[in-house]
Amino acid sequence: MLRSGLIATKIGNSSYYHDDGKNTHVTLLKIDECVVSNVKTLDKDGYNAVQLASIETGKDISHINKPQRKIFSSIKIKPKKIIKEFRVDTNNILEIGTKLNVDHFKIDQFVDASSISIGKGFAGVMKRHNFGGLRASHGVSISHRSHGSTGQNQDPGRVFKGKKMAGRMGNKKVTKQNLKVIDIDSENNILIVKGSVPGKKNSIIYLKDSVKKLL
C-alpha cells in the first residue's frame with residue numbers, strides 16, 4: 001500500500017527515556033505543515049503521485065517565479081521552499097489543498113528516511129573504503145596508505161568504472177530504512193524516531209512508510 005510521505009527538518013539527536021528507565025538513541029524531526037499542491041493520476045500523467053509543498057520561504061508571492069507562483073496562488077497558501085512528489089496507490093490519492101502533519105504516522109510503525117549525507121571532503125581509500133593499506137615496513141616508499149595498482153593489462157587497458165579509489169566522500173543521497181517511530185509530539189509537530197537519520201542538522205528529510213515493514 002503506497003501512500004504519501006512527509007517532508008521534515010532534522011533538529012538533531014537526543015536520548016529518549018522510557019517508563020521502565022531504559023533510554024534509546026533517537027533523532028528529532030520537525031514536521032512543518034505539508035500541503036498537497038498537485039496530484040498526478042494514471043490517466044493523465046501515466047502514474048499516481050501526490051505533490052507536497054512544505055517549509056515557508058518567508059518571501060512574498062510576487063518574488064516567486066511564475067511557474068511556482070501558480071502552484072501557491074491556486075491553493076491560496078504562502079510560498080513554500082520544498083516541493084516533493086510521493087508515489088501513491090489509486091486509493092491514496094489526496095485532494096489538492098489537503099494538509100498533512102505529524103499525525104500522518106503512528107507510534108511503533110517503521111519509516112524510511114532519505115536525505116543528503118554529510119559531506120566529508122576528499123578522502124583516501126583507507127578512510128573511504130576501509131582498505132588495509134600497504135606494508136608499513138621496508139620497501140614501501142612513502143605510499144603506506146595508497147590503494148596500489150588499479151589498472152589491467154594491455155587488454156582492456158583501462159580502469160573499470162566503479163573501482164574503489166580515493167575520491168569525494170559523503171554528500172550523496174542516502175536512504176535509511178526501517179526506522180521505528182518511538183513517539184510523536186503533536187503539539188510541537190516533532191517526530192521521534194529510533195536511531196540515526198542521514199544528513200546534518202537542519203537538513204531536509206523525506207519520510208515515507210517502510211517498504212520492507214508494512215503497516
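Which side chain meets Lys99 in a salt bridge? The views below take up this pair and two others in a predicted model.

**View 1. Lys99 and Glu33 pair through their side chains.** The partner of Lys99 is Glu33, and the salt bridge spans 4.0 Å from N to O. Lys99 belongs to strand β6 (residues 99–100), while Glu33 sits in the loop between β2 (23–30) and β3 (34–40), so the contact ties together parts that are 66 residues apart in sequence. Glu33 has a relative accessible area of 39% and is partly exposed.

**View 2. Arg3 forms a salt bridge with Asp209.** Their closest N and O atoms are 2.5 Å apart. Arg3 lies in the segment before β1 (6–17) and Asp209 in strand β12 (residues 204–209), so this pair links parts 206 residues apart in sequence. Buried or exposed, what are Arg3 and Asp209? Both residues are buried.

**View 3. Lys180 forms a salt bridge with Asp108.** Here the closest N and O atoms are 4.0 Å apart. Strand β10 (residues 173–185) carries Lys180, and the loop between β6 and β7 (110–116) carries Asp108, so the pair ties together parts that are 72 residues apart in sequence. Lys180 is partly exposed, at 30% relative accessibility.

**View 4. The model holds four salt bridges.** Among them are Arg3 with Asp209, Lys99 with Glu33, and Lys180 with Asp108. Side chains of opposite charge can pair when their charged atoms come close.

Conventions:
Residues are numbered from 1 along each chain as its sequence is written. This is a predicted model: local features need pLDDT of at least 70, side-chain atom pairs count only at pLDDT 80 or more; totals for chains, interfaces and linings use all residues. Side-chain values use heavy atoms; hydrogens and water are left out. Helices (H or I, at least four residues) and strands (E, at least two) are DSSP runs, numbered from the N terminus. Buried means under 20% relative accessible area, exposed over 50%, partly exposed in between (1.4 Å probe, protein chains only).
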